[in-house]
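Q: I am new to this structure. Could you walk me through how to read it?

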Amino acid sequence: MGHCKWCDRSGIFFSVNERGLCSECDFKFINEGKSRTRVINNCEEIIGKSNNPETVISRTNVLIDNLNQLSKYEVKGIQVLTRPTKDLIEDFSQTCNDRILEIMTNEFQISREKIDKTISNKAKIDACEKYISKVIEIKGQLFTDVPNYQITLKIMEKLIKEMKSFVS
Ligand SMILES: [Zn+2]
């Protein structure tokens with residue numbers, strides 16, 4: 001007797017596949033899995049390439065939303081991806097924090113070079129303040145519920161401190 005893990009239908013002549021799904025549910029599952037995987041892969045690519053912290057954050061949120069949507073299958077005992085979605089969500093949240101830090105560290109160097117070349121004191125302070133306000137804004141958007149949050153925050157605060165000392 002087959003029993004579908006997703007729609008709960010069962011019967012003597014009811015057959016399910018190796019995933020425990022009837023053909024109707026499996027069709028939907030495969031289609032949803034394909035389209036969400038496409039979105040996830042696309043986001044991952046942008047997250048790895050973008051130099052804009054806002055883009056990295058928004059793409060990570062889209063990616064996590066798609067993983068969350070897939071987790072409904074796990075609840076019913078259907079394996080979706082090679083690893084549990086909650087582990088993947090933690091990984092991608094940490095990757096987001098890492099990428100943000102990387103981008104802001106690069107921008108630190110760019111800002112410092114700009115400040116080095118600038119003669120006007122006001123322009124130096126402006127460039128410094130612009131960088132600092134950006135870091136303050138971005139550090140408030142870090143993923144907090146992950147192991148690398150505290151260290152990422154600490155390094156970002158150090159960047160602010162260093163930038164401040166550079167013009168004072
Ligand atoms: Zn079914």
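A: Start with the order of elements. From the N terminus on, the chain runs β-β-α-α-α-α-α. That comes to five helices and two strands. Helices (H or I, at least four residues) and strands (E, at least two) are DSSP runs, numbered from the N terminus. This is a predicted model: local features need pLDDT of at least 70, side-chain atom pairs count only at pLDDT 80 or more, and totals for chains, interfaces and linings use all residues. Residues are numbered from 1 along each chain as its sequence is written.

Q: How many of the residues count as buried?
A: Count neighbours. A residue is buried if 20 or more other C-beta atoms lie within 10 Å of its own, exposed if 12 or fewer, and partly exposed in between; C-beta atoms are placed from the backbone. Here 23% of the 168 residues count as buried.

Q: Which residues have the most contacts inside the largest nonpolar core?
A: In soluble globular proteins, nonpolar side chains tend to be buried together. A nonpolar core is a set of buried Ala, Val, Leu, Ile, Met, Phe, Trp, Tyr and Cys residues joined through C-beta atoms within 7 Å. The largest one here has 23 residues, and L63, C96, I100 and M104 have the most contacts inside it. Helices α1 (23-49), α2 (53-75), α3, α4 and α5 each supply at least two of its residues. α3 gives the most, with six. A second, separate core of five residues includes C4, W6, L21 and C25.

Q: What does M104 touch?
A: Two residues are in contact if their C-beta atoms, placed from the backbone, lie within 7 Å. Leaving out residues up to four places away in sequence, M104 touches P53, V135, I138, M156 and L159.

Q: How does the span of α2 agree with what it should be?
A: The expected span of a helix is 1.5 Å times one less than its number of residues. The 23 residues of α2 should span 33 Å, and its end C-alpha atoms are 33 Å apart. Its buried residues, L63 and L67 among them, pack against α1, α3 and α4.

Q: Where do the buried residues of α5 fall, seen down its axis?
A: Look at the arc, which is that of the directions from the helix axis to the C-beta atoms. In α5 (residues 149-167), T152, M156, L159 and M163 are buried. They fall within an arc of 50°, so they line one face of the helix. What covers them includes α3 (85-117) and α4 (121-139). The face turned away carries exposed residues, including K154, K158 and E162.

Q: Which residue other than glycine has a positive phi near 70°?
A: Most residues other than glycine have a negative phi. D8 has a positive one, near 70°. D8 lies in the loop between β1 (2-3) and β2 (10-11). It is exposed, with 10 other C-beta atoms within 10 Å.
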